[in-house]
Amino acid sequence: MRMRNRRARAVLAVTAAAVVGLSGCDALGGGGSSDTTGTKARAKPPSAPLWDTSPASLAAVGDSITRGFDACTVLSDCPEVSWATGDSAEVNSLAVRLLGASKAVTHSWNYAVTGARMADLPGQMAQAATRKPQLVTVMTGANDACRTSVSAMTSVAGFRTEFAEAMSTLRRGAPKAQVYVASVPNLKRLWSQGRTSALGKQVWKLGICPSMLGDADALDAAATKRRDTVQQRVEDYNKVLREVCAKDRRCRFDGGAVYGFRFGTDQLSHWDWFHPSKDGQARLAEIAYRRVTATIS
């Protein structure tokens, strides 16, 4: 009898434990760990977005476009109208739009160099990194296509290697800096617009982008093939810019916006009819500002 009572109590104890165990699983939605506090587990707060749409400092790297070349006087830099860092009210540069007029002077730096090619970008990036900027703007590649001949253009593979090196250089010195990368402009469109100016064509003969602008009025098969080859190289460069940028979580490519912008005569320098005028610089600033401040999931 005593043996039977002990067996009965044991069976009841096991059954009760099983019921409690099953009840615990059901309460947690099936298999979850128990909440000893009696409250629901709190979800982790969402992490802050990696891209800051309102950076507080800016460094610019690149070539003559970012230096405002030929926008104010012939064959001269005019950095005050630079789309990236200029302080001219006519342009309303990216720095002014992001930082305000006063801070744009003290918190933006222009390391672009007229005539620079992609091979020069790592050195410029090293300079920019010393400022620890929150944003770096990149606009380069036109001079890699604008060579004395088609054969002298920078190879696509070399362009890729040099851009990747430039990004690595920046990351070593300023690992959290955001990067805005502008596409290379449509050089063939600039030729088609500028060739309407007799003055512009005379300035072109001084050596501005001979691979595209040389023999500006020639429309024969050889000239057409030459320009098409340069144009294809520009498109290949833009593909490289997009792909290398995409590998960096803090990099934004402009999606081809500068390449696709239809520069008209009002947006071209009235000295060389090739580089952006003040109005053209303003349009570049608008494109950059839209991309930098865009909310992208």
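1. Accessible areas here come from the Shrake-Rupley method with a 1.4 Å probe, and for residues only the protein chains shown count as cover. On that basis the accessible surface of the protein chain comes to about 15200 Å², and 55% of it belongs to carbon and sulfur atoms.

2. A word on what you are looking at: this is a predicted model, in which local features need pLDDT of at least 70 and side-chain atom pairs count only at pLDDT 80 or more, while totals for chains, interfaces and linings use all residues. Residues are numbered from 1 along each chain as its sequence is written, and side-chain values use heavy atoms, with hydrogens and water left out.

3. Next, confidence. pLDDT is the predictor's confidence in each residue, from 0 to 100; the protein chain averages 87, and 83% of the residues score at least 70. Please read residues 1–41 with care: pLDDT stays under 50 there, and the model has seven contacts (heavy atoms within 4.5 Å) beyond four places in sequence for that stretch.

4. The protein chain has 12 helices and five strands; these are DSSP runs, numbered from the N terminus, with helices being H or I of at least four residues and strands E of at least two. Among contacts with a separation of 6 or more, 72% join residues 24 or more positions apart.

5. Of the 297 residues, 46% are buried, where buried means under 20% relative accessible area, exposed over 50% and partly exposed in between, with a 1.4 Å probe and protein chains only. The largest nonpolar core has 70 residues; such a core is a set of buried Ala, Val, Leu, Ile, Met, Phe, Trp, Tyr and Cys residues joined through side-chain atoms within 4.5 Å. Helix α10 (residues 221–246) gives the most to this core, with seven residues.

6. Beyond four places in sequence, Tyr180 touches residues including Trp83, Leu135, Arg252, Asp254 and Ile287.

7. Helix α7 (187–194) is mostly covered, with six of its eight residues buried, among them Leu187, Leu190, Trp191 and Gln193. The cover over the buried residues of α7 includes α5, α8, α9 and α10.

8. Leu268 sits in the loop between α11 (257–260) and α12 (278–293), and is buried with a relative accessible area of 0%. The C-alpha atoms of Leu268 and Leu190 are separated by 8.3 Å, although the two residues are 78 residues apart along the chain.

9. Where is Ala174 found? Ala174 lies in the loop between α6 (156–173) and β4 (178–181), and counts as buried because its relative accessibility is 5%. Leaving aside neighbours within four places in sequence, Ala174 is in contact with Ala129 and Lys132.

10. Finally, the open space. A pocket is an open set of points on a 1 Å grid over the protein atoms alone, with protein on both sides within 12 Å along at least five of seven lines, and lining residues have an atom within 4 Å of a point. The largest pocket is lined by 21 residues, of which Ser64, Asn143, Ile208, Cys209 and His275 lie nearest its centre. The elements that give two or more residues to this lining are α5 (142–145) and α7.

Methods: On a 1 Å grid over the protein atoms alone, a cavity is a set of points where a 1.4 Å probe fits but cannot get out, and a pocket is an open set with protein on both sides within 12 Å along at least five of seven lines; lining residues have an atom within 4 Å of a point.
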